Structures are given as structure tokens and as C-alpha cells.
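Hello,

Here is the structure I promised to pass on to you. Please have a look at it first, and then read on for what turned up.

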Amino acid sequence: MAAVKVYGWAVSPYVSRALLALEEAGVDYELIPMNRGSGDHRTPDHLARNPFGQVPVLEDGDLTLFESRAIARHVFRKHKPELLGSGSLDRSAAVDVWQEVEAQQLHPAAGAVVVECVFAPFLGRARDQAAVDANVEKLRNVLRVYEARLAAHRYLAGDFLSAADLSHFPILHYFMGTEYAGVVLEGHPHVKAWWEDLAARPAARKVAEFMPLGGAAKKQQE
Amino acid sequence: MATVKVFGLPLTNTARVMVCLEEVGAEYEVVNMDFLAMEHKSPEHLARNVTTDSVSGSPCSRLAKGILGQIPAFQDGDVVLFESRAICKYVLRKYKSAEADLLREGDLKDAAMVDVWTEVEAHTYHTAISPIVYECLLKPTMLSIPTNDKVVEESLKKLKKVLDVYEARLANHKYLAGDFVSFADLNHFPYTFAFMATPHASLFDSYPNVKAWWERLMARPSMSKLGADMAAAVKAA
């Protein structure tokens, strides 16, 4: 039995962010599946693990963690500190900056489009096209900065792969399964190359299997 | 003259950085940016929102346009950074001492708990409390736009649910990450301080553990000093 457990539904980009970190770190783990529709995240047992009633939750020995980015950081800190730029003030700062850009700039825009285009049907509502249009516009502005950054550096934090790059994978994987994939891929040759490199990683391919409505898997269904 | 510069107004996200600098006792200078005059979108400021060339240590000359012409920006010698929480971590790491270890990166468990509650502030606490600050304080005071009461009402509902969780957490722990003050607690300073200047401050009276935690934080020299700076900045605006 694995010492590390992840609770949640792997179709969630947040749960997948945690799983990707574990896969990249080569850590043995057990995914404890939960059912959103049955309200598994609101049971007393789960609230004892995460008082906010969200997924993922990670149990690592006597440590119980929530918030996917905190989980990923813990996994890297413990098993692959180089992915956090640990030990170097410059590197760790660069990783932190681009993790913040992902969390504060890219995710809100790309995530909103994904919610409307991919998840709205499962949430029992119609797509809000106005929200999609507004967020596509925001995303275009953000991607200009990414294109400039990735023209100068192979990865976001510099010449090394980091937690910042990996943090982008799940939500972008879903975004690439929408009709707006071109917003990322077209006119951004460096973003495109960076994305394809990321998605080709064995850990990313493994985690993509949990998210069939995204990326290349979706294209295969068509 | 200080080599450490923070570009911004001593409010909100800039104050987030300042509280960290105060906690570690670093010498720094605040270069006031006039948000309303849109100085933060000027070419000079946009050039500061650049990324550091981590190999040579010198700022690269790329302009970050549009959304990244934001405040705060930060300069420490050759290092130029943006995004307030990233700046904070750099400061707390670089100027860490026996007295001021607010990230606890030397201990896996402690560091993980700091990260968890830092994320909670960023994605859950902040999203509930900041609309109230914006509607009740920033809009009427600095922008002369009336408050949207519906937004305030919805945000208060969300905030109460968040404070329910905080109340339980702080019943068993002196601070959010454990029995030690950390970056997770500091992150709450700017917007909570501003919230206390809105008509809804008394909400915290219903959460005695949260209120006690807040008062412990405000008693820290870093926060009582910055609290005075922030109050002055709002008055001057």
C-alpha cells in the first residue's frame, strides 16, 4: 500500500496538478477516487481532511495537505527540489514569479474558458459566450508576455524545467481540447514549442489519460 | 541609500511586500507610483516588470506589456521581480535569520503548512474579502464611484463561510500554519487591515479566535508601523 494518497476526481485539473507532480517525482501513490455528484467532498470524513471541502487532498505519512499548488510544492520540495530552484535565490525567485503569473494571470483567463466550454454541460448550464469572449481576450494579452519570455528562455523560469512550467499543464490540456486552441498555438511559435514539449513528457501523457475531454485525446475522438 | 526598492503605493499588494521587508528588518525604499495617474503603465515602469536573467543576474531588456505593467515591482541590486507573493518569498528567503524564518523551508512539514495557508489566502480568503475592500473603500474614496451593495452582500456571505473555517483552525493553533507566525499569516495583513476600515469590520467580533489572531498580528511592530503608513496613504489619495 502506497504511503502517499491523493483524494479526488482525477478529471479535475487541480487533482491532476497534484498527480502530475507525483508522476514527475516518480513517487508511488494511490488515488482514492471520489464522486463529486454524490457529494463525497462534503462528507464529515472529507471535511476533516480539507475543511473547505475541496479536492485534491494529499496524505503523505502524517501530513495532510490541500490546495493543489501547495501539494505540488511539497512533492517537489521533498523529492525534486531542483524543480523549485531550491538553493538558488535567483532560480527560486524565477520559479515563484512564473508560478504566480500562472495562478494570477493565465489560470483565471484559460480556466474560465475551460469551465464554459468543457464543464458547463456537466454543471447543468449553458455556455456563457460573453464570458468566453472576454477571457479569450485576456488570455491573448497574457500570451504576448509568455511568447516574449519563451523566446528568450527555453522554460518559464529560465534554462531549466520547473514547477512553474508543470503547473500549467492540466488547465492548458483542457484548453487545447476547446475550439480556442488556436489562441495559444497560432502566432506564438515559442509558446507552441514549449507546450508541445511539456505535453510530450511521459508524466504529462500519463496524467492526460485522466482528462479525456482535453487536448489530443479529444481530437482522437473526433 | 537602500539598494532594495519597492515600486508602488503603500497599499494592498505593495503593503504585502513591505510587511515582509519590515519583518526581516531589511532596509528598503518605497518609490511611490501614482496608480491614478497610471504611472504604472509608463514605459519606465513596464521595463521594470521584466524577468531576471537568472544566469547573468542582470535584468533582460524585454518590456512586459499590458497586464504585467502592474504594481508592485521590486528591485534588489540586479534582481528585478514582479508579482507580490513571489517578491515576498524572495525577501523572506534572502533576509532569513534566526529571528525571522517565515517560510520554514528547512522543515518539510512546516513549509508545507505555510504553503497550504498561503494558497488559502490567495484563492479563498482574498477572493471573499477584496471585493468588500474595493467596493466600500477604494471605489468611493479613490475613484468616487458608489458602492455596489449586491457585490458586498455576496462577498460577506462568502467571507463568513471562510471565517467559520479560520475560527476552527485558530482554535487549535496560534497561527495559521501552526504555532509559529509565518508568511501565511503575513499575507492576510493588507486586505484585512483595509477591511477593518470598512463599515463591516465588526464582522470579526463574531469570530473570537480569528479576532484574537488578528490582534496578535497587528501588535507586531511590522504591522503597526505599516498600518499607520497605509492609513496615511489612503488619506492622502
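A salt bridge here is a side-chain nitrogen of Lys or Arg within 4 Å of a carboxyl oxygen of Asp or Glu. Please keep in mind that this is a predicted model.

Another salt bridge stays within chain A, where the closest N and O atoms of R127(A) and E179(A) are 3.1 Å apart. It links distant parts of the chain, as the two residues are 52 residues apart. R127(A) is in the loop between helix 4 (89-119) and helix 5 (129-152), while E179(A) is in the loop between helix 7 (169-175) and helix 8 (181-185). With a relative accessible area of 32%, R127(A) is partly exposed, whereas E179(A), at 57%, is exposed.

In chain B, the side chains of K150(B) and E154(B) meet in a salt bridge of 3.3 Å, N to O. Both lie in helix 5 (residues 149-172) of chain B, four residues apart, which is about one turn of the helix. K150(B) counts as exposed at 59% relative accessibility, and E154(B) is partly exposed at 41%.

Now to the sheet in chain B. Its four strands form an open sheet in the order 2-1-3-4, with mixed pairing. Strand 2 (29-31) and strand 4 (79-82) each have a single partner strand, so one side of each is left without a neighbour in the sheet. Neighbouring strands are turned by 20° against each other on average, direction ignored. Strand 3 (residues 73-76) and strand 4 of chain B pair in the antiparallel sense over four bridges; A73(B) has F82(B) in strand 4 as its bridge partner. Helix 1 (residues 12-24) of chain B lies across strands 1, 2 and 3, running at about 155° to strand 1 (4-7).

Lastly, Y134(B), L143(B) and I145(B) make a nonpolar surface patch of about 250 Å². Of these, L143(B) is in helix 4 (residues 108-143) of chain B and counts as partly exposed, at 36% relative accessibility.

Best wishes

Conventions:
Residues are numbered from 1 along each chain as its sequence is written. Chains are lettered from A and ligands numbered from 1 in the order in which they are written. This is a predicted model: local features need pLDDT of at least 70, side-chain atom pairs count only at pLDDT 80 or more; totals for chains, interfaces and linings use all residues. Side-chain values use heavy atoms; hydrogens and water are left out. Two strands pair if DSSP finds at least two bridges between them. Axes are lines fitted to C-alpha atoms, for helices over the stretch in contact, and angles run from 0 to 180 degrees between N-to-C directions. Contact means heavy atoms within 4.5 Å. Patches are made of residues with over 30% relative accessible area and no salt bridge: like charges are joined within 9 Å, nonpolar side chains (Val, Leu, Ile, Met, Phe, Trp, Tyr) within 5 Å. Accessible areas come from the Shrake-Rupley method with a 1.4 Å probe; for residues, only the protein chains shown count as cover. Buried means under 20% relative accessible area, exposed over 50%, partly exposed in between (1.4 Å probe, protein chains only).
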